[in-house]
Amino acid sequence: MSSSQWLAVRKNLPAKPRAMVAFFSFLLPITIWCLVSYVPFLWHPMVEIQDKGGVAYFKSGMLVERELFEQERLTAIENQLQPPSGIRTNPIYLPAPHEVAVALYTSFTTEPKRRSEKWLHESLWESIQVIFWGFVLSSLFGVPLGILAGTYDFFSRLFEPFIEFFRYLPAPAFGALAVAILGIYHQPKIAIIFIGTFFQQVLVIANTTRKLDPSLLEAAQTLGAKNKALLFKVVVPGVLPDLYRDMRILLGWAWTYLIVSELVGTSSGITWFITQQARYKNFDNVFAAIMIIGIIGLSFDILLALIGKKLFPWQKAQ
Amino acid sequence: MTPIVLPSYLDQSAAVKDRFDRLKQRPVSLEVKHLHKHFDSAGGQVTALQDINFKAYKREFVCVIGPSGCGKSTLVRILAGLETPSSGSVLLNGKAVTGPGPDRGMVFQGYTLFPWLSVKRNVMFGLIEAGHGKTTAEEQALQWIELVGLSRFVDSYPHQLSGGMKQRVAIARALANQPQILLMDEPFGALDPQTRAKMQSHLMEIWKNIDITVVFITHDLDEAIYLADRILVLKAHPGEVNEVIEVSVPQPRDPSQLLSDEFLATKRRLEELIHPEDDGDELATDKLNMVRMVHVNDQVPSVF
Ligand SMILES: Nc1ncnc2c1ncn2[C@@H]1O[C@H](COP(=O)(O)OP(=O)(O)O)[C@@H](O)[C@H]1O
Ligand SMILES: [Mg+2]
């Protein structure tokens with residue numbers, strides 16, 4: 001394939017190169033991570049002490065900056081003491097891929113070290129519940145309001161100015177209020193997800209609804225459809241595929257609000273797991289948890305995309 | 001070359017004249033009286049239609065023709081009730097038109113089938129709205145689909161159909177409600193010439209067999225002459241009726257008439273009306289400014 005085929009404007013690549021490029025989109029960051037982790041001279045700004053030699057405050061296994069190590073080594077040699085030895089390594093906050101892989105495995109197979117800690121999957125399950133209820137509650141109100149606002153100018157004028165104002169208020173700012181009203185457990189977290197999602201949702205869905213081809217409505221009118229039929233038999237089915245796509249994007253946003261919401265009230269869920277593990281400097285666990293979020297998010301989105309194809313067979317293959 | 005001498009477009013054979021006499025005896029189906037339409041736009045008020053008056057008789061086929069932007073779509077949208085006139089009135093069988101309704105079927109230029117409904121469901125849409133039960137609606141829909149020759153595609157979705165097939169479904173959908181008048185706004189404008197010719201014949205067949213008056217918008221002269229009993233010629237800025245032409249080509253029509261004397265005479269008249277010779281300064285500004293182009297190393301010095 002020539003370069004012009006690889007970079008043809010708005011043309012799909014053939015199936016095989018297409019899959020290959022998608023594969024590379026994952027391979028590339030992983031390769032960079034591997035290189036940085038396993039090829040010492042690329043980065044490795046720290047030294048892990050193996051033999052402390054004549055430096056009193058070094059301990060074996062300790063990580064020090066390379067310059068400091070070099071300085072102490074020279075001082076030791078000058079003072080005719082035994083020079084310390086060590087190997088170059090990465091900072092503790094960047095674990096190597098295999099360490100994260102091991103952490104991923106052990107987080108599901110071995111019991112947490114401390115009594116107060118939860119299993120990773122327990123934390124995840126809490127998070128998923130919070131997301132689920134926050135998103136479902138938001139959609140329960142947001143979708144109908146959005147469709148109404150997109151269909152009737154009356155509702156658009158009634159809802160949208162206030163919502164435009166409200167969506168600029170950062171959802172986390174309501175944390176303390178949510179706790180005061182709703183207690184410290186799941187409810188305030190769900191409320192934050194709701195606040196973060198709902199206002200965007202109404203506006204996004206109203207816009208999507210407005211994009212429905214008006215000639216479909218006119219055609220329906222010439223076929224005798226009146227107000228209610230226009231709404232339920234034309235607007236709703238007409239916007240459904242786009243609405244479904246909006247919901248997928250909004251669900252992604254809800255995940256980002258999860259992180260804030262879980263810091264409200266009693267800490268729980270995956271965020272708590274991450275902060276806790278970071279506190280104990282188990283960065284391999286931190287990375288494992290972050291990756292799990294990514295994997296869950298991506299697989300859920302792919303699943304929804306597949307369901308969407310089944311639900312809307314009239315959509316042209318994309 | 002000797003110029004071909006054509007009869008006047010006004011000359012009608014006895015049979016044609018007799019037919020028009022009888023046609024004008026029929027009850028009036030659609031009457032448009034002193035219709036005006038202004039739009040308020042950023043650049044001020046635009047007069048889209050000015051004092052339009054015409055009648056369409058029962059089962060007549062009326063074509064509306066005119067240059068682009070002369071208000072054809074606006075006119076048909078007012079007839080459909082999708083747009084309200086600034087003044088004047090539209091009467092269908094003597095009753096004023098106030099809004100869209102199933103007594104006037106409409107076929108749009110763009111494809112307006114509901115993409116989420118199968119062909120059958122699209123045709124059933126109006127029937128269900130009219131209060132028919134599902135089984136009757138389905139029965140009738142299937143008949144209309146058969147009429148337009150798409151029985152094999154009843155369960156297909158619109159995106160699986162070609163442009164011509166989509167418009168056939170749109171016609172079936174409009175007819176299913178048994179409207180008194182069928183309004184069509186350049187319905188075949190986006191089709192290739194062969195499909196378009198086929199669709200014209202289909203439409204003629206349907207028109208002959210169903211009790212319906214047709215108002216058909218087009219900017220294609222041949223299409224207008226081939227289809228119409230009478231042609232309403234509009235002119236632009238403002239949109240006014242220029243002339244109403246009784247097409248002297250005998251009915252029933254067939255494609256061999258496209259080169260007949262009556263056909264060519266009518267076409268020449270339409271050309272005169274729509275592309276007038278001396279359009280004054282308008283034409284001068286329309287010319288491309290090629291004077292300043294410098295020819296360097298043309299491999300072919302002239303195209304002639
Ligand atoms: N909704 C509208 N608002 C403002 N001007 C309009 C509107 N619809 C049509 N017009 C104007 O009215 C004139 C006639 O338009 P139209 O009926 O679409 O012409 P045609 O169908 O003959 O090409 C044009 O000048 C157009 O710009
Ligand atoms: Mg038009």
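Glu218(A), Arg77(B) and Glu83(B) are linked in a network of salt bridges (a side-chain nitrogen of Lys or Arg within 4 Å of a carboxyl oxygen of Asp or Glu). The whole structure holds 24 salt bridges over all chains. This is a predicted model, where local features need pLDDT of at least 70, side-chain atom pairs count only at pLDDT 80 or more, and totals for chains, interfaces and linings use all residues. Residues are numbered from 1 along each chain as its sequence is written, chains are lettered from A in the order in which they are written, and side-chain values use heavy atoms, without hydrogens and water.

**Salt bridges in chain A**
- Arg245(A) forms a salt bridge with Asp242(A), closest N and O atoms 3.5 Å apart.
- Both lie in helix α10 (residues 227-261) of chain A, 3 residues apart (helices are DSSP runs of H or I, at least four residues; strands are runs of E, at least two).
- Arg245(A) also forms a salt bridge with Asp246(A), at 3.2 Å.
- Asp246(A) is buried at 5% relative accessible area, while Arg245(A) is partly exposed at 40% (buried is under 20%, exposed over 50%, partly exposed in between; 1.4 Å probe, protein chains only).

**Salt bridge in chain B**
- Arg196(B) and Asp220(B) meet in a salt bridge at 2.7 Å, N to O.
- The pair links distant parts of the chain, 24 residues apart.
- Arg196(B) is buried at 13%; Asp220(B) is partly exposed at 22%.

**Hairpin in chain B**
- β9(B) and β10(B) form a hairpin with 4 residues between them.
- The strands pair in the antiparallel sense over 6 bridges (pairing takes at least two DSSP bridges).
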